[in-house]
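This briefing covers pockets, a helix face and charged side-chain pairs. Please look over the structure first, then read the points below.

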Amino acid sequence: MILIRGINILNQFYLSKWGEAYNHPKNISYVIFNWSTHLRQEITTSKIPLIDDLPPPDQNVRPWLFIYFLISLVGALTVMGYISIGYYASLQASRSLFRRMLARLSRAPSRFFDVTPIGRILNRFVADIGTADGAVNGSARNALSGALNFISSFSVIVYVVPKFTPFALFIAWLYVRLAPPYIRTSRDLRRLESISLSPAFAGFDELLHGLMHVRAFGAEQRYQDRFHHRVDTFQAFDHSYWLVAFWLRWRYDCLGSVVVYLTTLFALSAKVSTGFAAVVILNAEVFAEASRQLVRVLAQVELDFNSIERIGEYLEVPQEAPATIEKSRPPAYWPSSTNGITVVSQDVALFEGSLRSNLDPFDEHSDDECWDVLRRCHLATDLSRPSSSDVQGHGTMKKRKAVFDRLDEPISIAGGSLSAGQRQLVALARAMLRRSQVVLTDEATSAIDLELDDQANDMTDERNYMQIQQTIRQEMGDATVITIAHRLRTVIEYDRILVLDRGRIVEFDTPARLLKNPDGAFTKLCHGSADWEDLRRLVRE
């Protein structure tokens, strides 16, 4: 950047000498008449050894053109290198920040996501990373460029017109005097603008996920008004920020006009050549613009680095335990985390596509196997294996209502075309199809309707009530199933039950042994349940 500014100044002086060479013989003084003082003033052109040795341009302009071409070529190559290096460094820095923040949040504890709004996280990855991608590099380079232009233009003016030095210092002080109130106000407005944007992101994301519920309760206008209010709040801060920027720009434009006017007067009265006078006036404009740019861009740099500061906060998010603990490594025959373990969560993740692509994304199983797990999860018609609820009246068979009729049945984004219970059944079918050695279920049946496809009209019918749990036990009998549940009937027939209280292990044993302890936590939970008699009978059986 220093080289670029030096080449620009060299080019200005060279063009001034080139212009003078057309009007005056080299190294010869010329006289002008000052009408204001009625005195004759002698002005001598400056001498530059290499330039003064060139032939007059009106006789042979080629040497002048060649030197100008060399200066322009060096300047162009310098600018290209400056732009290339700057953008490459910016890309590498923003890419590193993005990857580090993504890796950090990927291993953040669940508590972090419970207390942090999703809109705030989206704002970091959208607005702040966007600032790191483009704005930080530009504002930092503009700040450095403004500082160099300020110093270099000031030096040129003082060198050519030394009498202008006190006025230049006073005007520079005025520029600096206007800066602090603008910087403080714009910084606070930009911070408020960024803070007000997160609720808008969060509200819009929540609205998309709960759109069906909003329409069901007829609350469209309420959510629309709330979203408009948040957008209006953001726009108010944004509009105020630009008003403050215009306030500063108007005052700096006035000072810039004063600088150019005074510089022109001093240059005309200082007996300098016409070429150098043009250089001084040009650098006066550069000085005024550099002063304006320096204050404005320094404030922008501070504002842009607020985004880097917010990204840095997420780079210090607490982390879960390491993925691999050398002292606690399981035996080699244990299943790996990618191939041997299946997780079925309460909030099921389905993808846009077909039913088959969600059941078997890697196309590892046949259609018959897919249909088999769908039937076992009560998602497809199965007349060959009737249940007790299929026989009604005088032994007539009731055909079950099939949720899916074909494997290419379309699934919308996030499974929005299915109910919560149907999504959980699809996830269970996917887990059964994989036949993993370890299956972890987290409230995997919490949203499943107990009356599956009109099969259970009597809520006291135990076989219908527990049919999904029976399917899990039958189909995953060869696997280790770890279930997190609040419904006692979900886990009452498991081999072992672990009771937690405030994150600490209270009891761990078989259901029968736990119920033998009258003062145990599990026994108290069962006694407080409306299904106490059924729970005790299931344990005895």
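Predicted model: local features only at pLDDT ≥ 70, side-chain atom pairs only at ≥ 80, totals over all residues.

The largest pocket has a volume of about 930 Å³. Across the whole structure, a search finds 13 salt bridges.

**Second largest pocket**

- Two or more lining residues come from each of β3 (341-344), α10 (355-359) and α12 (420-434).
- The element that gives the most to this lining is α12, with 4 residues.
- By class, the lining of the second largest pocket holds 10 nonpolar, 8 polar and 4 charged residues.

**Largest pocket**

- The volume of the largest pocket is about 930 Å³, with 26 residues in the lining.
- Thr 483, Val 491, Arg 496, Ile 497 and Leu 498 are the closest to its centre.
- Elements giving two or more residues are α14 (467-475), β9 (480-484), α15 (488-491), β10 (497-501) and α17 (521-527).
- The largest share of this lining, 5 residues, is from β9.
- The lining of the largest pocket divides into 17 nonpolar, 4 polar and 5 charged residues.

**Helix α18**

- Trp 532, Leu 535 and Leu 538 are buried in helix α18 (residues 532-540).
- Down the axis of α18, the buried residues fall within an arc of 130 degrees, so they line one face of the helix.
- Glu 533 and Arg 536 meet through their side chains in a salt bridge (2.7 Å, N to O).
- Glu 533 and Arg 536 are 3 residues apart in helix α18, which means about one helical turn separates them.
- Glu 533 is partly exposed, at 48% relative accessible area; Arg 536 is also partly exposed, at 31%.

**Other salt bridges**

- The side chains of Arg 310 and Asp 128 form a salt bridge (2.9 Å, N to O).
- This pair links distant parts of the chain, 182 residues apart: Arg 310 sits in helix α9 (residues 274-314) and Asp 128 in helix α5 (residues 118-160).
- Arg 310 is buried, with a relative accessible area of 15%, and Asp 128 is buried at 1%.
- Arg 406 and Glu 409 form a salt bridge, with their closest N and O atoms 3.4 Å apart.
- Arg 406 counts as partly exposed, at 41% relative accessibility.
- A network of salt bridges links Arg 356, Asp 360, Asp 363 and Asp 367.

How values were computed. Residues numbered from 1 in each chain as written. Heavy atoms only, no water. 1 Å grid on protein atoms, 1.4 Å probe; cavity = no way out; pocket = protein on both sides within 12 Å on 5 of 7 lines; lining within 4 Å. Points joined across faces, edges and corners; volume = space filled by probe spheres on them. Nonpolar A, V, L, I, M, F, W, Y, C, P; charged D, E, K, R; others polar. Buried < 20%, exposed > 50% of the residue type's maximum accessible area, 1.4 Å probe, protein only. Arc of directions from axis to C-beta. Salt bridge = Lys/Arg side-chain N within 4 Å of Asp/Glu carboxyl O.
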